[in-house]
Amino acid sequence: MIDGVTGDGKALVLGGGGVTGVAWEIGLLHGLAEHGVGLSDADLFVGTSAGSVVAAQVLSGVSLERLFEAQRADAGREIAARIGARGLLSFVVAGLWPGDPVRGRAWLGRRALRAGTVPEAERRAVIARRIGDGGWPATRLLIPAVEAESGQVRIFDAASGVSLIDAVAASCAVPLVWPPVTIDGVRYVDGGVRSVANADLAAGCRRVVVLAPVAQSARRSGRPAAQVAALGPGVRGAVISPDAAARAAIGRNVLDPGRRRPAAEAGRAQAAAEARRLRAVWE
């Protein structure tokens, strides 16, 4: 049993996927609520990278409608970024590292420490603007990040003694794109380096829904569907990823804020096809 969550608890797992992943997840949550499926009443949230932003926003008390409209607003002030072919190859190499996967994560983390990026304080300010400064929510929220030097995983929560802004910033620190985040003298990179959604952290809950803008990983064990299946036969679970229309709306660069609006609208539209299946899992 997860602290504060009963054995019959419900977990909402929100995976990584860049700024377009944030938009798609919020659009999908808003659309599902419009169809009578409210996933925001989960007992446990697991937020990885983009998913940590969504979790923090949803649990802040701001309505899904307002969050959705914010994604549809002009993104002209935001800076577009790109992982690039070299960055994608680095993720694959780290994910397929022979033997201990921790060593692969550390290899990628050390490359991130050497990469030229925007200043850390500048990136933290961006995260603060996105999620506000209301602190950790009352609902249980788990946010994974990876120690850049060691490759070890740390799971931040309200009891970790770390601010929500720092936890989200660490989980969103895409290697080679954004700067590793310093917390108590340790530098962290994106929680997605461990797993694109970290659905295994929902162990102990009997109903698990995963929203995964990115559903594939180098290792099968890191894929959301495999992680949900491994939670056990008594778990009712579902993994939702962008459909064909949503993938087209998101485009090839998940870090392009110019694609936020179409990604959010595609998520909302996709909800109509997913509502019945998720209602059977959730209710």
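A crossing of two helices is right-handed if the near helix is turned clockwise from the far one by less than a right angle. Keep that in mind for the first pair. One caution: this is a predicted model.

Start with helices H6 and H7. H6 covers residues 120-131, and H7 covers residues 164-171. Their axes come within 9 Å and cross at roughly 115°. The crossing of H6 and H7 is right-handed. Who makes the contact? From H6, we have Arg 124, Ile 127, Ala 128 and Ile 131. H7 contributes Leu 164, Ile 165, Asp 166, Val 168 and Ala 169. By class, that contact has seven nonpolar residues, two charged and no polar.

Next, helix H5, residues 101-114. H5 has 14 residues. From first C-alpha to last, H5 reaches 21 Å, close to the 20 Å expected. At the start of H5, look at Asp 100. One of its side-chain oxygens reaches to within 3.0 Å of the backbone nitrogen of Val 102. Val 102 is itself buried. Also buried in H5 are Gly 104, Arg 105, Ala 106, Leu 108, Gly 109, Arg 111 and Ala 112. Note the two arginines in that list, Arg 105 and Arg 111.

Last, backbone angles. Most residues other than glycine have a negative phi. Ser 49 has a positive one, about 55°. Ser 49 sits in the loop between strand E2 (44-47) and helix H2 (50-58). Leu 176 also has a positive phi, about 75°. Its loop runs between H7 and strand E5 (181-183). Are these residues buried or exposed? Ser 49 is buried, at 8% relative accessible area. Leu 176, at 16%, counts as buried too, because the cut-off is under 20%.

Definitions and conventions
Residues numbered from 1 in each chain as written. Predicted model: local features only at pLDDT ≥ 70, side-chain atom pairs only at ≥ 80, totals over all residues. Heavy atoms only, no water. Axes fitted to C-alpha atoms, helices over the stretch in contact; angles between N-to-C directions. Helix = DSSP H or I, 4+ residues; strand = E, 2+ residues; numbered from the N terminus. Contact = heavy atoms within 4.5 Å. Nonpolar A, V, L, I, M, F, W, Y, C, P; charged D, E, K, R; others polar. Expected span 1.5 Å × (residues − 1). Buried < 20%, exposed > 50% of the residue type's maximum accessible area, 1.4 Å probe, protein only. Polar contact = N/O pair within 3.5 Å; in protein donor to acceptor, adjacent residues only side chain to side chain.
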